[in-house]
Protein chains: 4
Amino acid sequence: MEWEKFFEPYEQAVAELKVKLDYLTTGQVKSGTRPVESVTGRVKSQASIEEKIVRRHLHEDRLALDLQDIAGLRIMTKYIDDIYKVVELLRKRTDFTILEERDYVMNAKPSGYRSYHMVIEYPVSLYSGETKVLAEIQIRTMAMNFWATIEHDLNYKHGEIKPEMATKLADISEQTFALEQELSEIKEMD
Amino acid sequence: MEWEKFFEPYEQAVAELKVKLDYLTTGQVKSGTRPVESVTGRVKSQASIEEKIVRRHLHEDRLALDLQDIAGLRIMTKYIDDIYKVVELLRKRTDFTILEERDYVMNAKPSGYRSYHMVIEYPVSLYSGETKVLAEIQIRTMAMNFWATIEHDLNYKHGEIKPEMATKLADISEQTFALEQELSEIKEMD
Amino acid sequence: MEWEKFFEPYEQAVAELKVKLDYLTTGQVKSGTRPVESVTGRVKSQASIEEKIVRRHLHEDRLALDLQDIAGLRIMTKYIDDIYKVVELLRKRTDFTILEERDYVMNAKPSGYRSYHMVIEYPVSLYSGETKVLAEIQIRTMAMNFWATIEHDLNYKHGEIKPEMATKLADISEQTFALEQELSEIKEMD
Amino acid sequence: MEWEKFFEPYEQAVAELKVKLDYLTTGQVKSGTRPVESVTGRVKSQASIEEKIVRRHLHEDRLALDLQDIAGLRIMTKYIDDIYKVVELLRKRTDFTILEERDYVMNAKPSGYRSYHMVIEYPVSLYSGETKVLAEIQIRTMAMNFWATIEHDLNYKHGEIKPEMATKLADISEQTFALEQELSEIKEMD
């Protein structure tokens, strides 16, 4: 496996999409009221891909199809309804094709995880010509990002999250979501 | 008021401190368990300074002393106790002097605002020689940052926050803090 | 004229194209032998556009057509023949359309200026939908860039370049080009 | 040899010094007449350090003293006299100590190489406390940078530069320097 060569189109895709998404809501409205708070991007690490190859019995020559999040972008918003404004903006774009959308905002995963996921096909111009890569865009509020970061950290620190811990985490996710819904109501008050 | 010249040392200070704080916990521990999640920096806008001059009756030639947050850095952590780890790291540094510390983490403002504030004196080398500027470093968890961002946004959108809205916001801050304390306990479980 | 709104698509185009051109020769060959040495980008300043409006009697509502270099990218190469390698790479891309090419490398301007110019039409996805903007890509060797930077600086410092100065500058350009051609020969020696 | 840990203070030093040198002449004069054209920085690669260990019989525990250019910064100027303006500015700074200066501008190396070299001692605040690292700052005109880049490239491509090639390169360096001196005279004309 020539990893350096393998990662090239993904690194380029993440770099290009990071810039494009940074401009997503620029110029739309006064800066203070933009739905997008911040954007981050990353290419999945070789270690993480190798771990998935083993765990999911993947074939090396099918990685580009089987792993949809090698190129990953994340958009953080202030409010829950901003997520759907961002989704609408992404659907109108002509520079990539949306292959799949999954709404884990309204339908949280059992763990408590909430985010809106979009898998896109994005064309990159390489030295060797144009190629298309898959990329995953996650759209979530700052509060959902807070919870997901903590859950990821606990998974990392403890190897695996135990049932009691998992129950508490899912509970905290629910309570956080309730607070966010309250904030949405406050926002609409005059 | 020559604003461009006025802002120069602050822009330079923010750019330098942003890099320095980005490296604050690098190399300390495995990347997955770093206390610092992200760092941002900004120079206060001219409009915002002019508004404060009027509202607080400030003298233009005393701005550098009276406004301690013209240069502003913000450090986001995962957990509450990470805030104090970061504070310890900042206290050990020799490249700036800490003038003042305020703990709004354990003693929230009446609004519900939580953060640890540090005012530092930082030397910058300008074309005209070395000068010292004040800068404010805010240290807060991702959850405190979520709340503060929403509160700032509501202030911006509504001009002023009404009593009923303020009560609800303060209440949401308390509940968020309670959830964070629960997470801290979960973190210590085996 | 709403300048802020006017500049938006150009700023976005320059930011996106800067990333794309930075990756132009990545992964192609060992880094030591890449034809591209560096890439820069800039949006033409408002002052410079206003000066052109006056001098060339331009209409404000035709600026996007009449000024082809509001968005400007510059690619610096090591050797003269690298310029044409880069041109070939740009012609193969599918993410923009080339409208015009001018070879001032082999046919220097009377001033001594050498560079390869390409005007492209580039699609940007704005909040309001996709729009196409013109951008100019200049491709030149480091030596040509050295000369052009000095000539620009002298123009700026002296307001206008006097005949005697212009003659000397054109002469220096010729001598620099002769040295570059010698270097190309050295490169091919075994 | 724990390379990752070894490189940390150098990476931090280069990142900090890059920002500091970017601001070196900001605000001094109108942007069009700044002596500094661009600044780059890099940490020496592990491969390059290992090659030097073998070739120069270095001890691993003395690398930080024996290799003065592990952290490297480069400042490009327009004119020859700008080099000495930059040197003066660097000498006035209080955030690092200059250990050594070598003027290869007026006293070119036999190869034809021209640059002003400065070795500094720079304090970095690490997690483990303050440490001092050596860094090399090279100051050269754009034309000297053009020549040095080509010479480096030929060395890389040919393994070693043959006598005939070396003679031609040294000759081209002399001619380039003569052209630069002519430009300096043109600059002073009215």
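## Chain contacts and helix packing

Let's start where chains A and C meet: chain A brings 22 residues to this contact, and chain C brings 22 residues as well. Please keep in mind that the model is predicted.

**Chains A and C**

- Together, chain A and chain C bury about 2000 Å² between them, and 54% of that area lies on carbon and sulfur atoms.
- On the chain A side, three residues stand out: Tyr23(A), Ser125(A) and Tyr127(A) supply 32% of the area that chain A buries against chain C, more than any other three residues.
- The count of salt bridges between chain A and chain C is 2.
- One salt bridge joins the side chains of Glu16(A) and Lys20(C), at 3.3 Å from N to O.

- Chain B and chain C make no contact, and their nearest C-alpha atoms are 17 Å apart.
- Chain A and chain D do not touch either; for this pair, the nearest C-alpha atoms lie 17 Å apart.

- Helix H6 of chain C (residues 163–188) packs with helix H5 of chain D (residues 142–158) at an angle of about 10°, and their axes are 11 Å apart.
- Because angles under 35 degrees count as roughly parallel, H6(C) is roughly parallel to H5(D).
- The crossing of H6(C) past H5(D) is right-handed.
- From H6(C), the contact takes Glu180(C), Leu183(C), Ile186(C) and Lys187(C); from H5(D), it takes Phe146(D), Ile150(D), Leu154(D), Lys157(D) and His158(D).
- Sorted by type, the residues of this contact of H6(C) with H5(D) are 5 nonpolar, 1 polar and 3 charged.

**A helix packing within chain B**

- Helix H5 (residues 142–158) and helix H6 (residues 163–188) of chain B have axes that come within 10 Å and cross at roughly 170°.
- With angles over 145 degrees counted as roughly antiparallel, H5(B) and H6(B) are therefore roughly antiparallel to each other.
- H5(B) contributes Ala143(B), Met144(B), Trp147(B), Glu151(B), Leu154(B) and His158(B), which meet Met165(B), Leu169(B), Ile172(B), Ser173(B), Thr176(B), Phe177(B) and Glu180(B) in H6(B).
- The residues of this contact of H5(B) with H6(B) divide into 8 nonpolar, 3 polar and 2 charged.

Definitions and conventions: Residues are numbered from 1 along each chain as its sequence is written. Chains are lettered from A and ligands numbered from 1 in the order in which they are written. This is a predicted model: local features need pLDDT of at least 70, side-chain atom pairs count only at pLDDT 80 or more; totals for chains, interfaces and linings use all residues. Side-chain values use heavy atoms; hydrogens and water are left out. Axes are lines fitted to C-alpha atoms, for helices over the stretch in contact, and angles run from 0 to 180 degrees between N-to-C directions. Helices (H or I, at least four residues) and strands (E, at least two) are DSSP runs, numbered from the N terminus. Angles under 35 degrees count as roughly parallel, over 145 as roughly antiparallel, 65 to 115 as roughly perpendicular and the rest as oblique. A crossing is left-handed if the near helix is turned anticlockwise from the far one by less than a right angle, and right-handed if clockwise. Contact means heavy atoms within 4.5 Å. Ala, Val, Leu, Ile, Met, Phe, Trp, Tyr, Cys and Pro count as nonpolar, Asp, Glu, Lys and Arg as charged, and the others, Gly among them, as polar. Buried area is the accessible area (1.4 Å probe) that two parts lose on being put together, summed over both. A salt bridge is a side-chain nitrogen of Lys or Arg within 4 Å of a carboxyl oxygen of Asp or Glu.
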